Amino acid sequence: MDFAFTEEQQFFKRIITDTVDRMVVPKAREIDEKDEFPWELWKDFTKLGYLGLRYPEEIGGMNADPVTAMIFYEQIARGSVGFAQSVIMNILMGTYFVYRFGSQAIKERCLYPAMRGEKVATMCFTEDQSGSDLSATRTTAVKDGNEWVINGTKMWITNGPVADFATVLATTDLSLGAKGLNFFLVEKGTPGFSPGQVLDKLGCRGTITGELVFDNVRIPEENLLGAELNKGIEYLGEILDEVRVMTGAMAMGIAQAAYDEGLEYARKRIAFGKPIGSYQLIRAKFADMATEMEASRLLIYSAAWKMKEKLPSRIEAAMAKMFATETCCKVVDEVTRIWGANAFANEYNPQRHFRDARFLLYGGGTHEILKDFMGRLLIGK
Amino acid sequence: MDFSLTTEQKFFREQVSRSLQRIVAPLADSIDKSDVFPRDMFNELGSLGYYGIRYPTEIGGMGADCIMFTILAEELARASIGFAAIVTMQCLMGTDFIYRFGTEAQKERLLIPAIKGGKIGTIAFTEPDCGSDLGGIRTRAVKNDTGYVLTGRKLWITDGDVADFVTVAATTDPGKRLGGIGFFLVEKGTPGFSVGQKIEKISARGAATMELIFDECQVSADSLMGEEGKGTKYLNDILSEIRIMIAGLGLGLAKSAFVSGLRYAREREAFGKPIGTFQLIEEKIAEMEVRIRAAEFLTYHAAWLKDQGSLTGKEAAVAKFYSTETACFVVDEVSRIHGAYGLAEEYPAQRYFRDGRFLLFGGGTSEILKTIIAKDTMKKCDFEIN
């Protein structure tokens, strides 16, 4: 057994930690308050090449293994989860299907510019009445000659209102449920494709989340992102574990940022003549937080290691996502208690962490769904 | 034993509930968004006489018992936590010292109008470096020929921007810590008294929280409420009532969040059926139902003890701790039931989630309350059956 990061991973961690401290941390509050896509930061940050994190060097990527990718996700979320969501959407879900199934022309038009930050990518699953239950997807794709015609409305789309291209989940046959689903590429400017309302939301602000409307959108045959028809769910399975563990890694980023704030406050805030950190009830909070964060990281990095080694990781990924996200929600809660009333003053960070953590509960599957899923796998049919 | 409300209390609850659901609830969202003192609403509720709920009928009050005051707090929080913070300040902390210790002239000028909503009162304890630990108060009151000179800064003062008068905790002898504290009445317009920055916050919006600055603020001798150095005792006289009131707020918030969660669990479908029919959601609903009931019993039990004249500090601490923690538990679970919509501004779930935190700190943090409960409990080695 070896629990240490490789030298290369350690080096990467130092660099990204420093980059986030320098570029992202100072902007976090402004990103949250404005709730606008931070174009300036986006331009500066994406120049560094991180958007190609997971892709091969031959196409301009960094060829990072899953463990290294988790280090990145954790650090960027520590800086600003709003910004992290936008960046990770380009790195992972927003580009994966284009990378995997796109023609050379599509890759040159969409993937490579997205890796350089010149285009913003997104992925659309969720609809008004379907979230974790993808089989309830109502957006349809109908073949008409050598074109597909897409109709439907997507909700909660990260980067949606600013995206240059979208990977859209749609069904070719409503009666097939999950077995009729496919991914389609729709580019900005295609007639009938338009952004709808932008959601005003509690956490993860700065990532623009909104509705996308597809009204008789006609796209060429090659925009079906898949080797075979109706295998969308199977293809999604290829990145599902990574998406879940990534969510756990982001949770650790927020948890670390909150924990650091809590630590500083517990050391300097005086009550009844001594620092509050000298009271047992406050000390116990740190013991619990640190233990659960350590356990979360072990779950995250061991799941990532399994993915790297191509070992089965479905249950491990769900465990890591659920445990790390719950730990994060607990840590941000405890830090607001340590901070007392100051925790809900907007001039300090704990209230932002408290709001941001909630966002991670839902993406990658709610914990109610994950528990049901894990229980089914563990018990057997 | 009898767990039911009296006819009078029942009638009062129906009346309050109807008024607040009509006047306040429909505007809860806009109060939260604007974070501005809702003056029209404040005046309208004042005309109904609720601000005098605890005071005798002879001075225009309602002469109600603690159970009825708790009902009011609960119903207010069910409608809007921001507005509830404003009203409870007016009913209790903002006016109580002047009621107990004010001169006739002060009562005529401030208390009597405040009971009808014509004047706004608030209280100022908290400072940048002292919250639950009142002994750390640094605002000074120095005696001179004409009265006292106040110097210091107060933070987190509810309604600080609109208050017509403030009861300010200050020390005449910092060396004595808790034994040096007194309460001083300061009216708007007094030279040296000014309003500082507003604290932008995530919870209880509408009840603006401000910094107040006292810069060699001269007040008259009769501005001292009661005696020098007895402030801590005077505060303790109403501390349990404050805690029961906050327990009532927790209960109201928990109930309105719970109802929104139930509604969503019935309407939202996944995998072809309402999510409320899945066991993991049923579990949440059962947990919330049980905890809210327990909080309700603890809260009204404490209020009843108060009315019987046999309340101990521990019972009020138990009620405040359990009810506010229940509220935070419920708003968390309700946001999970809503899924991502628990974060969307168009649903109230995100407001409930933010507002829950407001209840954890005022009246003592849960950490402080736990030590109070434990210290009292440790005095006896028996489980006391109430």
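Predicted model: local features only at pLDDT ≥ 70, side-chain atom pairs only at ≥ 80, totals over all residues.

Reply: Residues are numbered from 1 along each chain as its sequence is written, and chains are lettered from A and ligands numbered from 1 in the order in which they are written.

The contact takes 33 residues from chain B and 31 residues from chain A, where two residues are in contact if their C-beta atoms, placed from the backbone, lie within 7 Å. On the side of chain B that touches chain A, at least two residues each come from strand 9 (269-270), helix 8 (279-308), helix 9 (313-337), helix 11 (358-361) and helix 12 (366-378) of chain B; helices (H or I, at least four residues) and strands (E, at least two) are DSSP runs, numbered from the N terminus. By class, this side of chain B has 13 nonpolar, ten polar and ten charged residues (Ala, Val, Leu, Ile, Met, Phe, Trp, Tyr, Cys and Pro count as nonpolar, Asp, Glu, Lys and Arg as charged, and the others, Gly among them, as polar).

Helix 8 of chain B also has a partner within its own chain, for its axis comes within 10 Å of that of helix 7 (residues 231-267) of chain B and the two cross at roughly 155 degrees (axes are lines fitted to C-alpha atoms, for helices over the stretch in contact, and angles run from 0 to 180 degrees between N-to-C directions). Helix 7 and helix 8 of chain B are therefore roughly antiparallel to each other, a label given to angles over 145 degrees. Where they meet, helix 7 of chain B contributes residues including B:Ser240, B:Ile244 and B:Phe258, and helix 8 of chain B contributes residues including B:Ile281, B:Met288 and B:Lys306. The residues of this contact divide into 14 nonpolar, four polar and four charged.

Helix 7, helix 9 and helix 11 of chain B are among the helices against which the buried residues of helix 10 of chain B pack. Helix 10 (residues 349-356) of chain B is mostly covered, with eight of its eight residues buried, meaning that 20 or more other C-beta atoms, placed from the backbone, lie within 10 Å of a residue's own. Those buried residues include B:Arg351, B:Tyr352, B:Phe353 and B:Asp355.

Technical notes: Parallel < 35°, antiparallel > 145°, perpendicular 65-115°, else oblique. Buried ≥ 20, exposed ≤ 12 C-beta atoms within 10 Å, placed from the backbone.
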